[in-house]
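Welcome, and take a moment to turn the model around before reading on. We will walk through it together, one part at a time.

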Amino acid sequence: MKRRRIVNAALFLLIVLASFCMRTYHYNTSVIQLASMIDDVPERERPRMEYVRVAPFGMRLPHWRMFLPFHHANFSPFTIESAMMFSYAQDVANGKGVPASDPTLCGMEDVAPYAQMNMGLEWFLGWGWRVKQWFAPDPPPTERETVYQDNPRMAQWMSAQMRLWASLTSGLIFLWLLILRVPRVWAVGAGLLHAVALAGIARATGQDLVRGEFCIPLVMASVVLAYWTYANPKAWKWIPLFATTFLAFVTWDLCQMLFSCWCLVELLRLA
């Protein structure tokens with residue numbers, strides 16, 4: 001039993017790592033392409049796509065460094081909504097918290113940000129960067145790096161933090177299938193399929209900050225905990241189940257649709 005748990009834990013971490021590396025590869029390639037479009041960094045200083053040639057077939061495969069995070073000197077902008085979320089996360093990271101009002105929102109200057117959207121993602125990213133700074137502070141940005149943004153290293157760290165968090169979904173799919181007594185080899189295959197599928201990673205590469213992708217690991221954790229409780233009922237298991245469900249509701253309003261459908265399925269199953 002102990003050996004099986006160790007193997008399952010190792011496979012969970014391996015699947016999460018594979019998912020993170022795939023998301024990071026897509027992030028790196030996109031930011032490199034942006035460098036040539038924005039042209040804010042001299043060409044000789046831009047990172048390039050690196051490949052290795054595999055003998056004897058002569059195939060070119062991406063270099064392993066492309067699957068790992070590294071600093072990009074060029075500007076990689078968020079979309080408008082993601083830029084708003086990054087702005088509030090930056091306020092949290094700087095110890096200010098989410099503002100009571102945002103005068104930069106035209107026409108909504110007097111409406112509190114909390115009244116417009118859920119704010120769990122911002123606090124998660126802001127405190128993640130603050131904790132990181134305690135152990136590995138960033139060097140101050142150069143003058144050129146601050147042409148378009150205040151702290152590019154903070155933005156890139158939050159993108160990586162988002163990718164790592166979203167990668168938990170692949171590992172949780174693996175655990176869920178194990179609880180359903182799916183053979184381990186098929187459970188691993190399902191987790192890895194989600195880790196590499198474009199549909200599974202396209203919106204969670206860190207280029208944008210998406211509330212849904214932040215909340216999906218919480219939804220998936222609730223599913224895993226629910227079926228774990230069904231399989232081996234224990235009173236204490238309801239505590240983490242209720243906690244993950246609560247956090248999902250307070251961080252993304254649309255998750256109520258997912259839970260409503262799940263409840264309907266359970267009601268029909270028990271009828």
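By about how many helical turns are Arg269 and Glu266 separated in helix H10? The two are three residues apart in H10 (residues 255-270), so about one helical turn separates them. Arg269 is exposed, with a relative accessible area of 51%, whereas Glu266 counts as buried at 10%. Those words have cut-offs: buried is under 20% relative accessible area, exposed is over 50%, and partly exposed lies in between (1.4 Å probe, protein chains only).

Before going further, keep in mind that this is a predicted model, in which local features need pLDDT of at least 70 and side-chain atom pairs count only at pLDDT 80 or more, while totals for chains, interfaces and linings use all residues. Residues are numbered from 1 along each chain as its sequence is written, and side-chain values use heavy atoms, leaving out hydrogens and water.

Now step back to see the whole chain. Its secondary structure comes to ten helices and two strands, in the order α-β-β-α-α-α-α-α-α-α-α-α from the N terminus. Helices (H or I, at least four residues) and strands (E, at least two) are DSSP runs, numbered from the N terminus. The C-alpha atoms fill a box of roughly 65 × 65 × 35 Å along the principal axes. Of the 271 residues, 43% count as buried. Among contacts (heavy atoms within 4.5 Å) with a separation of 6 or more, 72% are between residues 24 or more positions apart.

The count of salt bridges comes to three. Another of them joins Arg211 and Glu122, whose closest N and O atoms are 2.7 Å apart. This pair links distant parts of the chain, since Arg211 is in helix H8 and Glu122 is in helix H4, 89 residues away. Arg211 is buried at 8% relative accessible area, and Glu122 is buried at 0%. Lys132 and Asp138 also meet in a salt bridge, at 2.2 Å from N to O. Lys132 counts as buried at 14%, while Asp138 is partly exposed at 22%.

Next, look for the open spaces. A pocket is an open set of points on a 1 Å grid over the protein atoms alone, where a 1.4 Å probe fits, with protein on both sides within 12 Å along at least five of seven lines; lining residues have an atom within 4 Å of a point. Grid points are joined across faces, edges and corners, and a volume is the space filled by probe spheres set on the points. The largest pocket holds about 820 Å³ of space. Of its 19 lining residues, Arg4, Asn8, Leu178, Ile179 and Trp228 are the closest to its centre. H1 (2-38), H5 (152-179) and H8 (211-231) each supply at least two lining residues, and the largest share, five, comes from H8.

The second largest pocket holds about 380 Å³. It is lined by 19 residues, with Pro69, Gln156, Trp157, Ala160 and Arg163 nearest its centre. H5 gives the most to this lining, with nine residues.

How values were computed. A salt bridge is a side-chain nitrogen of Lys or Arg within 4 Å of a carboxyl oxygen of Asp or Glu.
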